[in-house]
Amino acid sequence: MVTNEVYIIVRDAIKAASLQSGKLYEEGQESHYQALAAVMALRQAGYEVTKRLDN
């Protein structure tokens, strides 16, 4: 389940990363940098991204 707060953090990070296409990274690498930006934004907001062992 994704909370509204997490959704907004990830959405805004992806949007900000997409605005840097062609400036900070090469075109075609969007998904890599969007994913990285989302994880970094979650960490900065105090979330911990871990994998559960029971999956």
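Q: Before we count, what counts as a helix or a strand here?
A: Helices are DSSP runs of H or I with at least four residues, and strands are runs of E with at least two. Keep in mind that this is a predicted model.

Q: OK, so how many helices and strands are in the protein chain?
A: Two helices and zero strands.

Q: How far apart are the end C-alpha atoms of H2?
A: They are 21 Å apart. H2 covers residues 30-44, which is 15 residues. At 1.5 Å a residue, the helix should span 21 Å, so the two values agree.

Q: Which residues of H2 are buried?
A: Ala38, Ala41 and Leu42. They cover an arc of only 100° around the axis, which puts them on the same side of H2.

Q: Why would residues three or four places apart point the same way?
A: An α-helix has 3.6 residues a turn, so residues at that spacing point the same way.

Q: What do the buried residues of H2 pack against?
A: Helix H1, residues 4-18.

Q: And which residues are exposed on the other side of H2?
A: Met40, Arg43 and Gln44 are exposed there.

Q: What comes just after H2?
A: Gly46, which takes a positive phi of about 100°.

Q: New topic. What is the radius of gyration of the protein chain?
A: It is 13 Å, while a compact globule of 55 residues would have one near 10 Å. The C-alpha trace spans about 40 × 25 × 15 Å along its principal axes.

Q: How much of the chain is buried?
A: 15% of the 55 residues count as buried. The chain exposes about 4,700 Å², and carbon and sulfur atoms supply 54% of that area.

Conventions:
Residues numbered from 1 in each chain as written. Predicted model: local features only at pLDDT ≥ 70, side-chain atom pairs only at ≥ 80, totals over all residues. Heavy atoms only, no water. Expected span 1.5 Å × (residues − 1). Buried < 20%, exposed > 50% of the residue type's maximum accessible area, 1.4 Å probe, protein only. Arc of directions from axis to C-beta. Contact = heavy atoms within 4.5 Å. Rg over C-alpha atoms; globule rule 2.2 N^0.38 Å. Areas by Shrake-Rupley, 256 points an atom, 1.4 Å probe, with all protein chains shown as cover.
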